[in-house]
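Below is a set of questions and answers for someone meeting this structure for the first time. Please keep the view open while reading.

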Amino acid sequence: MPEPSTIQLDKLLDHPSITDAVADVNLELKERIAYQPPVCNVFQSPVTTLVTDAQYRFEIDKESHRRLPHIIANTVQRVEGGDGVALAAKEKYKKARNIGIVFSGGPAPGGHNVIAGLFDAAKRINPQTRIFGFLMGPDGIIEGDYLELTREQVDRYRNVGGFTMIKTGRTKIDNRMKMDLSRATCQQLGLDALVVVGGDDSNTNAAFLAQEMFDDGIQVIGVPKTIDGDIQVRDARGKVLCAMSFGFHTAARAFSQAVANLCTDASSDVKYWHVCKVMGRVASHLALEVALQTHANITLIGEDLADYVDHARLEKAEKAGVVDYTAYGMTLRHLSRVICDAIMDRAAVGKNYGVLVVPEGILEFINEIQVFIIKLNTIIGNYNKMHDRDFHTALPTLDDKLEYLRRLVRGIRSDLSYNVWNARDDELFNDIPAFFQEGLLTERDSHGNFQFSQVKTEKVLLDLVKDYLGILKEKGHYKIGIQNAQFVKTMQKGGLDPELYGPILFENWQRTHHLMVKKTIISKKTLKAALVRADCLAEKDSIPAPIEKIFDQSVPKFKTQAHFYGYDGRGSDPTRFDCTYTYNLGQTVFSLIANGATGQMAAILNLEQDFAHWRPIGIPIAPLMHLEERKSKLELVLEKSIVDVNSPAFRVVKMFRDKWLAAVPGEDHFRHPGPIRFAGNSEEDRPITLLLNALGDQPSIKDGARDEQASIQDQ
């Protein structure tokens with residue numbers, strides 16, 4: 001075979017089709033980059049102005065008032081057209097500025113469009129305005145590492161995912177030295193304003209930076225970013241100011257496409273339970289949206305578990321004349337039973353497969369886990385106070401630690417912790433898999449806190465589920481239902497009478513579509529014994545092949561595949577919704593800066609409604625802050641927003657749980673959202689969560705809330 005010539009290869013590589021095929025930028029990306037998101041009507045005005053919206057109220061923390069005096073009186077500001085603005089104000093609005101921008105925390109799809117929106121708005125008003133991007137997150141501010149952004153750089157990343165243009169980092173500007181270095185960098189660049197794009201901690205940082213640099217005349221504006229969706233701002237009366245942080249929709253859609261593909265795989269191969277853990281350590285917003293997007297068979301919502309009450313335990317305690325506080329909150333044992341029940345219900349109708357969605361932080365909502373952490377922190381702390389050697393050095397193995405806890409229960413150890421750990425604690429703790437016990441007993445971080453991020457959530461749950469399913473299988477409860485027609489066909493094909501053998505094998509013979517092998521038949525030995533007792537088989541004979549085949553088909557094998565969705569979603573190219581949202585956030589940032597605002601968070605009001613109703617606003621950050629325990633001390637922070645179990649979105653998911661579990665004969669009800677599409681009329685224009693919650697806020701639906709459950713069930 002002749003060797004290919006180098007000249008021919010060179011010609012091949014020069015061919016336009018090959019050049020296009022191996023180029024870094026494909027046709028779809030070119031289309032993305034060229035897309036121009038629409039802007040809110042107010043941004044068509046030559047200038048904008050800020051108008052205080054007095055309808056919103058905040059409950060201000062005393063500590064916030066003390067530490068943020070320059071910005072604590074900020075109000076909600078609407079961005080409006082400034083056609084009637086005085087000449088002097090117009091000239092101030094249009095002056096050349098130096099503006100810095102920084103990404104802080106994990107990436108979220110749409111960040112580049114915040115820059116693009118700010119850049120376009122600033123350059124349109126005054127081409128002499130300069131935009132500086134700080135590199136690698138807040139470290140870039142502290143260390144003076146930055147670049148001046150050009151149109152070429154900005155254009156390259158329009159509508160593209162990631163924070164690649166200027167990168168990001170997780171450093172916090174949280175002490176005097178870092179604050180002074182940051183101020184020096186901003187002064188050196190002659191900045192008029194600094195924009196901080198980040199989550200709750202980053203916007204907290206923005207508030208303190210605004211306070212620190214107020215007298216320097218340097219404005220600071222925050223932008224709400226997090227794929228977890230846990231920045232949702234309401235005032236003291238529950239009025240929505242920011243319905244969702246940017247990046248959430250894209251991440252949820254990316255996760256949903258992957259989960260929907262697994263739904264297809266599960267219903268095709270019919271042998272796996274796919275366990276999908278999705279990002280969201282503190283809140284379950286992503287899991288909720290994935291449930292709405294995919295109709296996965298089981299979706300656990302952490303906030304729902306925290307709300308759980310064991311009424312059977314309460315009734316038992318009431319009869320005994322006592323109060324059982326352990327009836328409040330879901331235990332790990334109970335949660336594993338709930339999952340097992342769902343798995344068995346599906347298996348009973350021949351569906352020994354499915355998809356389970358679990359939020360990353362679900363264990364933080366389990367009451368007993370929180371109790372364990374508090375008690376074990378106390379026990380470890382007390383031990384270290386009393387002994388020369390610390391707890392982990394003195395008790396190096398898991399067995400040593402467990403024995404110490406057992407001795408506390410039995411009263412053998414009479415130290416400070418003898419009344420902290422009781423028999424129920426010990427019982428529940430022994431239900432937990434050994435690797436998780438070891439995790440709960442491991443060394444704390446430098447602040448004495450339990451390191452939750454190191455726990456494999458899905459492994460904790462699956463180990464408990466597998467153990468309990470094994471017990472149920474041994475007791476004859478966990479079996480796969482056999483279709484009646486399939487049984488008849490198999491028997492007749494083997495020359496056996498189904499009417500003779502049906503009553504012997506099945507506990508529900510001729511009563512349902514799917515037949516359940518009797519609980520007493522748990523092995524081939526017990527199967528043979530049943531046939532012998534019914535005089536259908538001699539002791540010396542073998543089990544007929546058709547009957548053995550049916551039995552084998554009824555024996556479940558619980559096979560799982562675990563998946564984690566997080567980094568892939570936050571690195572996705574943004575949906576059209578997030579492209580438009582973030583571009584308008586960038587435009588809002590400029591309007592806030594040009595009108596002299598500081599200590600404000602850029603936001604879009606009515607985000608849950610159609611684009612025509614979107615209204616850009618500035619939200620005061622300081623009034624939103626309150627004291628919260630972080631790393632064993634009280635700090636001023638923005639409160640994370642968790643799933644509201646009374647919201648329409650959650651109530652809809654709750655209503656459809658049984659339907660989506662599909663533990664009945666027939667097809668599943670999986671929904672296929674498809675890939676993120678940038679073009680076409682079929683692409684959704686907002687998260688389903690926002691759509692449902694917006695509908696729930698309509699007066700006609702609020703008035704008919706009592707009939708909501710019945711109407712949904714009728715659909």
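## Questions and answers

Q: In which helix does asparagine 203 lie, and is asparagine 203 buried or exposed?
A: In this predicted model, asparagine 203 belongs to the helix that spans residues 200-212, which is helix 10. Since a residue is called buried when its relative accessible area is under 20%, the value of 0% for asparagine 203 makes this residue buried.

Q: Which residues does asparagine 203 touch, not counting residues up to four places away in sequence?
A: With those sequence neighbours left aside, the contacts of asparagine 203 include Gly198, Gly222, Val223 and Pro224.

Q: In what order do the four strands form the open sheet, and which strands stand at the edges?
A: The four strands of this open sheet pair in a parallel manner and follow the order 11-12-10-15. Strand 11 (298-299) and strand 15 (559-565) each have a single partner strand, so one side of each is left without a neighbour in the sheet, and the edges are therefore strand 11 and strand 15.

Q: How many bridges join strand 10 to strand 15, and which residue stands opposite valine 275?
A: Strand 10, made of residues 272-278, runs parallel to strand 15, and the bridges that join them number seven. Within strand 15, the residue opposite valine 275 is alanine 562.

Q: Which helix packs on the sheet, touching strand 10, strand 12 and strand 15?
A: The direction of this helix makes about 170 degrees with that of strand 10, and its contacts with the sheet are to strand 10, strand 12 (354-359) and strand 15. The helix covers residues 248-269 and is helix 11.

Q: Where does histidine 295 lie, and what is its phi?
A: Histidine 295 is found in the loop between helix 12 (285-294) and strand 11, and it is buried because its relative accessible area is 17%, under the limit of 20%. Most residues other than glycine have a negative phi. Histidine 295, although not a glycine, has a positive phi of about 60 degrees.

Q: Is tyrosine 501 buried or exposed, and how far apart in space are tyrosine 501 and asparagine 377?
A: Tyrosine 501, in helix 23 (residues 498-505), has a relative accessible area of 8% and is therefore buried. Beyond residues up to four places away in sequence, tyrosine 501 touches Phe487, Leu496, Leu531, Cys536 and Ile547. Asparagine 377 is 124 residues from tyrosine 501 in sequence, and their C-alpha to C-alpha separation in space is 60 Å.

Key. Residues numbered from 1 in each chain as written. Predicted model: local features only at pLDDT ≥ 70, side-chain atom pairs only at ≥ 80, totals over all residues. Heavy atoms only, no water. Helix = DSSP H or I, 4+ residues; strand = E, 2+ residues; numbered from the N terminus. Buried < 20%, exposed > 50% of the residue type's maximum accessible area, 1.4 Å probe, protein only. Contact = heavy atoms within 4.5 Å. Pairing = 2+ DSSP bridges. Axes fitted to C-alpha atoms, helices over the stretch in contact; angles between N-to-C directions.
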